[in-house]
Amino acid sequence: MQLDLLRRAFEPVISRVMHFYWRFARGLTLGVRALVLDEAGRVFLVKHSYVAGWHLPGGGVEAGETLMTALARELREEGNIEITGGATLFAVYFNRRVSRRDHVALYVVRGFRQSAPPQPNHEIVAHGFFAPDALPEDTTRGTRARIAEVLQDGAAAEIW
């Protein structure tokens, strides 16, 4: 509970500082997210220590990384998930809520192996597979929209 209060208090400042740094370190920010679906059709979500709500796993693409390398790294770090059946690019979104220079590539992953559930750590405080019609209450609006786009109508918005 205290961690959540602290995160909420410092989240705006942390976000501004990180994007100020990225403005000079990167001309454009690019991230990857994965909609990981298990055999029962459940979606894997993570809860971060530094931002509110449940999200699709993913993160920034580092200099020298391909999108797939970044995706595989993020899934390994956040979910102990190894992609075994490939990942399909669904869409690339402009994430103007974060900054005027942020873009996110969304991949769909259906073939994977998770040797063991990940252990909560300083970045990921909770995780789980959830039925699309029974997502946690505080699943973010963007996460809900991406799940609906992939599973229901297949039409991707341009804005995250």
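This is a predicted model: local features need pLDDT of at least 70, side-chain atom pairs count only at pLDDT 80 or more; totals for chains, interfaces and linings use all residues.
Here is a walk through this structure, from its overall build down to a few single residues.

Residues are numbered from 1 along each chain as its sequence is written, and side-chain values use heavy atoms, with hydrogens and water left out.

Let's start with the whole chain. There are 3 helices and 9 strands; helices (H or I, at least four residues) and strands (E, at least two) are DSSP runs, numbered from the N terminus. Read from that end, the elements go α-β-β-β-β-α-β-β-β-β-β-α. A compact globule of 160 residues would have a radius of gyration near 15 Å, and the chain agrees, at 15 Å. That radius is taken over C-alpha atoms, and the globule rule is 2.2 Å times the number of residues to the power 0.38. Take contacts (heavy atoms within 4.5 Å) between residues at least 6 apart in sequence: 66% of them join residues at least 24 apart.

Now look inside. Buried residues make up 40% of the chain's 160 residues. Here, buried means under 20% relative accessible area, exposed over 50%, and partly exposed in between (1.4 Å probe, protein chains only). In soluble globular proteins, nonpolar side chains tend to be buried together. A nonpolar core is a set of buried Ala, Val, Leu, Ile, Met, Phe, Trp, Tyr and Cys residues joined through side-chain atoms within 4.5 Å. The largest one has 16 residues, and Leu 35, Val 43, Leu 45, Leu 56, Leu 106 and Ile 147 touch the most other members. At least two residues each come from strand E2 (43-48), strand E6 (87-94), strand E7 (102-109) and helix H3 (141-153), with E7 giving the largest share, 3 residues. A second, separate core has 15 residues, including Leu 71, Ile 81, Tyr 107 and Ile 124.

Leaving out residues up to four places away in sequence, Val 43 touches Leu 35, Val 36, Leu 37, Leu 56, Gly 128, Phe 129, Phe 130, Pro 132, Ile 147 and Leu 151.

E2 also belongs to an open sheet of 3 strands, in the order E3-E2-E9 with antiparallel pairing. Two strands pair if DSSP finds at least two bridges between them. At the edges sit strand E3 (54-55) and strand E9 (124-130), each pairing on one side only. E2 and E9 share 6 bridges, and Val 46 stands opposite His 127 in E9. Helix H3 lies across E2 and E3, running at about 170° to E2; axes are lines fitted to C-alpha atoms, for helices over the stretch in contact, and angles run from 0 to 180 degrees between N-to-C directions.

Asn 80 sits in the loop between helix H2 (67-79) and strand E5 (81-83). Most residues other than glycine have a negative phi. Asn 80 is not a glycine, yet has a positive phi of about 55°; with 27% relative accessibility, Asn 80 is partly exposed.

Val 92, in strand E6, is partly exposed too, at 47%. Val 92 and Ala 157 are 65 residues apart in sequence, but 9.0 Å apart in space, C-alpha to C-alpha.
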